[in-house]
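My entries follow in the order I made them.

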Amino acid sequence: MNRRRYLAGTGSVVAVGTAGGYAVGRAGGDNEDEDGEPTETENDGEPTTDEAEEEPATDDEEPSIRTILHLTSGDEADHDRALTNLENLLTDETTDTDAVEFVVNGPAISVYVADETDHADRIRALADDGVAFKGCANSLEGFGIEESELLEEATVIPASVGEIATLQTEGYGYIKVP
């Protein structure tokens with residue numbers, strides 16, 4: 001059970017501590033009959049099937065890791081360091097990496113330009129390993145780059161910041177790389 005749901009379900013207990021006991025049994029507003037007598041709660045206070053959450057992972061199950069690496073620099077040395085960070089993440093035996101998104105915007109879009117990047121072979125190999133490479137359409141427009149100039153492995157997205165925000169709501173961790 002997550003903390004937010006737990007705290008929401010204990011509203012009357014929290015109220016007891018803050019209101020001197022007045023709110024006992026009143027969190028839902030329907031725990032007393034018209035005479036003020038307590039009524040029985042559904043399932044003796046246990047959550048119903050609709051309220052129950054999935055079982056937490058057991059200790060022997062490793063949590064899957066979904067990660068965004070975000071690059072904004074146009075410097076080739078920064079591109080090299082960012083791709084090295086990505087390779088290190090994928091080869092780290094202590095992490096169970098489930099999905100990786102390499103998202104670029106601003107001057108970093110040049111890492112995907114086929115005729116300009118020194119990293120095409122690395123990007124191709126990483127894409128073969130399952131990394132999703134994404135570039136910002138706003139950056140393409142701002143730097144006068146056509147989508148046809150990009151490496152085949154790069155997917156154009158409307159806005160990198162929107163993509164990052166969406167992925168974070170889906171449980172992705174965020175790493176800003178050089």
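**Setting up.** I took helices (H or I, at least four residues) and strands (E, at least two) as DSSP runs, numbered from the N terminus. The model is predicted, so I note the limits: local features need pLDDT of at least 70, side-chain atom pairs count only at pLDDT 80 or more, and totals for chains, interfaces and linings use all residues. Residues are numbered from 1 along each chain as its sequence is written, and side-chain values use heavy atoms, with hydrogens and water left out.

**The chain.** I found six helices and five strands. From the N terminus the order is α-α-β-α-β-α-β-α-β-α-β. Buried means under 20% relative accessible area, exposed over 50%, and partly exposed in between (1.4 Å probe, protein chains only). Of the 178 residues, 30% count as buried.

**Helix H4.** I looked at H4 (120–128). Which of its residues are buried? They are Ala120, Arg122, Ile123 and Leu126. Seen down the axis of H4, these fall within an arc of 160°, so they line one face of the helix; the arc is that of the directions from the helix axis to the C-beta atoms. Asp121 and Asp128, on the other side of H4, are exposed. I also noted the general rule: an α-helix has 3.6 residues a turn, so residues three or four places apart point the same way. The buried residues of H4 pack against H3 and E3, where contact means heavy atoms within 4.5 Å. After H4 comes Gly130, with a positive phi near 105°.

**H3 against H4.** How do the axes of H3 and H4 lie? They come within 11 Å and cross at roughly 25°. Axes are lines fitted to C-alpha atoms, for helices over the stretch in contact, and angles run from 0 to 180 degrees between N-to-C directions. Angles under 35 degrees count as roughly parallel, over 145 as roughly antiparallel, 65 to 115 as roughly perpendicular and the rest as oblique. H3 and H4 are therefore roughly parallel to each other. At the contact, Asp80, Leu83, Thr84, Leu86, Glu87 and Leu90 of H3 meet Arg122, Ile123 and Leu126 of H4.

**The cores.** A nonpolar core is a set of buried Ala, Val, Leu, Ile, Met, Phe, Trp, Tyr and Cys residues joined through side-chain atoms within 4.5 Å. The largest has 25 residues, and Leu71, Leu86, Phe102, Val104, Tyr112 and Phe133 touch the most other members. H3 gives the largest share, four residues. A second, separate core of six residues includes Ile68, Ile157, Ile164 and Leu167.

**Helix H6.** In H6 (residues 160–169) I listed Ser160, Glu163, Ile164 and Leu167 as buried. They cover an arc of only 100° around the axis, which puts them on the same side of H6. Val161 and Thr169, on the other side, are exposed. Strands E1, E2, E3, E4 and E5 are among what covers the buried residues of H6. Just after H6, Gly171 has a positive phi of about 95°.

**The end of the chain.** Pro178 is in the segment after E5. Not counting residues up to four places away in sequence, Pro178 touches Leu71, Ser73, Asp78, Arg81, Ala82 and Asn85. The C-alpha atoms of Pro178 and Leu83 are separated by 9.6 Å, although these residues are 95 apart along the chain.
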